[in-house]
Amino acid sequence: MITAATSRTEVIRWMEDFVGEKFSELLKTVEESWQPADLLPDATLETFFDEVKELRERARDLSYDLLAVLVGDTITEEALPTYESWLMTIKGLPQDPDSPWMKWNRGWTAEENRHGDALNRYLYLSGRINMREMEASTQYLLADGFDLQTDMDPYRSFVYTSFQETATNISHRRVAQIAKKQGDNMLAKLCGHVAADEARHAKAYKAFVSKIFEADPNEMMLAFEDMMRKKIVMPAHYMRELGVDIGKTFGHFTDAAQRIGVYTSADYTDILEGLIDEWKIEALTDLNEAGERARDYVMALPARLKRVAERMKAPSLEYKFRWIA
């Protein structure tokens, strides 16, 4: 019987075989994975400079907001060391390097590492970006860290990753669609590959939460409610430029994403509704009084968020990023 005092540790250990199965199912081996070099001009070929010239010509037609979102996405992906460190310190995760949990964390990190490499390389070759300014923002984000309000709790952390990986999939997929419309099929393909990785990762984290609901529904329900009351913040919410205070740059970045429909308040609500369905929240049984109240809050939240979103106006373009040349 799981007790309140030891439930998280027991549940996390009980899940190890399940995590091992998901590791094999939802992460790819190095041998079968795409690499950034597969998607960008090859410097070993005689055609390299011609390919770069074509890339730069296509990039000239990309809109200002799309470039801003792409830079913000790249900085977010390049702060990977912070995310790996955070995952490794979640309370209750076995620290044995051969445990399924640690193998998952390393495998997830290995796949994610390709994203920043590919996007950074594209932006460098495009000639549209002040790379020094972008690189300074990446260094800031790594140095500043983040506060995801999960308290290093595995239940809250996996609610967060389920939500955030889904949001990242949406963002990269939408950038791919817009890039294709603006005539850059190379960028569209690159972002499509990144989005596909994020979709697999989101599926895994959602499965972890589903498994926790089987073993510890009350505590998992309370953790879900708590994260939704706090609101899910994106991992780059401390993003900033040289000479700009923490938070201001991220606000302008999210404005750009909303203007072009890459990620909006409606997407936030859609993700929440998807998680409610995925985890079968309405059908949960064996909840105590606190768990029932938590479920009531979560079930009512999408309608409240939709009412708020209906009153929001699309932000106007008033800010010039230091990143864009």
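**Figure 1. Packing of helix α8 (residues 131-144) in the predicted model.** The buried residues of α8 pack against α5, α6 and α7. They comprise Met131, Glu133, Met134, Ala136, Ser137, Thr138 and Leu141, where buried denotes a relative accessible area under 20%, exposed over 50%, and partly exposed a value in between (1.4 Å probe, protein chains only). Helices are DSSP runs of H or I with at least four residues, numbered from the N terminus. The end C-alpha atoms of α8 are 20 Å apart, in agreement with the 20 Å that its 14 residues should span at 1.5 Å a residue; the expected span is 1.5 Å times one less than the number of residues. Because the model is predicted, local features need pLDDT of at least 70 and side-chain atom pairs count only at pLDDT 80 or more, whereas totals for chains, interfaces and linings use all residues. Residues are numbered from 1 along each chain as its sequence is written, and side-chain values use heavy atoms, with hydrogens and water left out.

Figure 2. The buried positions are Pro217, Asn218, Met220, Met221, Ala223, Phe224, Glu225, Asp226, Met227 and Met228. Their cover includes α9, α10, α13 and α14, with contact defined as heavy atoms within 4.5 Å. Just after the helix, Lys231 takes a positive phi of about 80 degrees.

Figure 3. The space in the largest pocket is about 860 Å³. On a 1 Å grid over the protein atoms alone, a pocket is an open set of points with protein on both sides within 12 Å along at least five of seven lines, a cavity is a set of points where a 1.4 Å probe fits but cannot get out, and lining residues have an atom within 4 Å of a point. Grid points are joined across faces, edges and corners, and a volume is the space filled by probe spheres set on the points. The pocket is lined by 38 residues, of which Ile232, Met234, Tyr263, Thr264 and Tyr268 are the closest to its centre. At least two lining residues come from each of α5 (64-78), α9 (154-181), α11 (217-230), α12 (248-259), α13 (265-278) and α14 (289-310). By class, the lining of this pocket has 21 nonpolar, 11 polar and six charged residues; Ala, Val, Leu, Ile, Met, Phe, Trp, Tyr, Cys and Pro count as nonpolar, Asp, Glu, Lys and Arg as charged, and the others, Gly among them, as polar.

**Figure 4. The largest cavity.** One cavity of 30 Å³ or more is found in a search of the whole structure. The largest cavity holds about 180 Å³ of space. Among its 18 lining residues, Tyr83, Trp108, Gln164, Glu165 and Pro235 are the closest to the centre. Two or more lining residues come from each of α5, α6 (80-88), α7 (100-126), α9 and α10, and α9 gives the largest share, five residues. The lining of this cavity has 10 nonpolar, four polar and four charged residues.

**Figure 5. The largest nonpolar core around Phe208.** This core contains 101 residues, of which Tyr122, Phe158, Phe208 and Phe224 touch the most other members. A nonpolar core is a set of buried Ala, Val, Leu, Ile, Met, Phe, Trp, Tyr and Cys residues joined through side-chain atoms within 4.5 Å. Helix α10 (residues 185-215) contributes the largest share of the core, 12 residues. Not counting residues up to four places away in sequence, Phe208 touches Met15, Phe18, Val19, Lys22, Trp101, Trp104 and Phe158.

Figure 6. His172 is located in helix α9 and is buried, with a relative accessible area of 2%. Beyond its neighbours within four places in sequence, His172 is in contact with Asp73, Glu77, Leu119, Cys191, Val194, Ala195 and Glu198. Pro41 occupies the loop between α3 (36-39) and α4 (48-59) and is buried at a relative accessible area of 11%. With neighbours within four places again set aside, the contacts of Pro41 are Phe48, Glu51, Val52, Leu55, Leu125 and Met186.
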